[in-house]
Amino acid sequence: MERYFWHLNAAQADGMACVVCGANFLTAKITSVPVGRSPADETQVFACKSPCVGRIVADSERMARELRAAAELDGADLTDGTDGAECENGVFCVDGHFGSLLRDLRTLAGTEALLATADDIPTIRFLLSLTARHAETAMMRARLVLARTTDEEG
Ligand SMILES: [Zn+2]
């Protein structure tokens, strides 16, 4: 993994201390795992296997979701009835509202997993706002798909 960690103290930059909590691996009996490199000299840096690696993972997932959510919000317009028109499978096309609905549900499932392990208020608040946003769009998309499938049947 080639992620860089910034603002490290000397022990962290040398791989002797956890880049998250600063625990010293020489004095504390902690299982450490490599998580990236120091930008100064490419030295491998480490974090406590538990719980610090989990926090790095949660952080990365949060950033990835943030980007994904931003991209989706730019690309999807619920009031625009034309998307999916070029899709052969109609309303259940993965590129259409059904696909967006599945992405919302996946995000919610991921958020549930992160909420179960999050232990600081800012992260929990961020996850809750993410939940609210995706739950809302999931509801609108589910209703939209329901409405369209009803139209097709009738
Ligand atoms: Zn740690």
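The lining of the largest pocket divides into 13 nonpolar, three polar and seven charged residues. Here Ala, Val, Leu, Ile, Met, Phe, Trp, Tyr, Cys and Pro count as nonpolar, Asp, Glu, Lys and Arg as charged, and the others, Gly among them, as polar. This is a predicted model, in which local features need pLDDT of at least 70, side-chain atom pairs count only at pLDDT 80 or more, and totals for chains, interfaces and linings use all residues. Residues are numbered from 1 along each chain as its sequence is written, and side-chain values use heavy atoms, with hydrogens and water left out.

**Confidence**

- The protein has a mean pLDDT (the predictor's confidence in each residue, from 0 to 100) of 80, and 81% of its residues reach 70 or more.
- Confidence is lowest in helix 2 (residues 52-75), at a mean of 80, and highest in strand 2 (residues 44-48), at 91.
- The pLDDT is below 50 over residues 75-89; this stretch has twelve contacts in the model beyond near neighbours in sequence.
- Contact means heavy atoms within 4.5 Å.
- Helices (H or I, at least four residues) and strands (E, at least two) are DSSP runs, numbered from the N terminus.

**Largest pocket**

- The largest pocket holds about 430 Å³ of space.
- A pocket is an open set of points on a 1 Å grid over the protein atoms alone, where a 1.4 Å probe fits, with protein on both sides within 12 Å along at least five of seven lines; lining residues have an atom within 4 Å of a point.
- Grid points are joined across faces, edges and corners, and the volume is the space filled by probe spheres set on the points.
- Its lining has 23 residues, and Gly-54, Arg-55, Ile-56, Ala-58 and Asp-59 lie nearest the centre.
- Helix 2, helix 3 (97-117) and helix 4 (121-153) are the elements that give two or more residues to this lining.
- Helix 2 supplies the largest share, eight residues.

**Helix 3**

- Helix 3 has 21 residues and reaches 30 Å from its first C-alpha to its last, close to the 30 Å expected at 1.5 Å a residue.
- The expected span is 1.5 Å times one less than the number of residues.
- Its buried residues (under 20% relative accessible area, 1.4 Å probe, protein chains only) are His-97, Gly-99, Ser-100, Leu-101, Asp-104, Thr-107, Gly-110, Thr-111 and Leu-114.

- Ser-38 lies in the loop between strand 1 (32-37) and strand 2.
- Ser-38 is buried, at a relative accessible area of 2%.
- Leaving aside neighbours within four places in sequence, Ser-38 contacts Tyr-4, Phe-5, Leu-8, Ala-13, Thr-43 and Val-45.
- Ile-30 sits in the loop between helix 1 and strand 1.
- Ile-30 and Cys-48 are 18 residues apart in sequence, yet 6.3 Å apart in space, C-alpha to C-alpha.
- Not counting residues up to four places away in sequence, Ile-30 touches Ala-23, Phe-25 and Cys-48.

**Backbone exceptions**

- Most residues other than glycine have a negative phi, and most peptide bonds are trans.
- The Ser-50 to Pro-51 peptide bond is cis, with omega near 5°.
- Pro-51 lies in the loop between strand 2 and helix 2.
- His-7 has a positive phi, near 55°, and lies in the segment before helix 1 (10-13).
- His-7 is exposed (over 50%), with a relative accessible area of 82%.
- Glu-42 also has a positive phi, near 65°, and is in the loop between strand 1 and strand 2.
- Glu-42 is partly exposed, at 38% relative accessible area.
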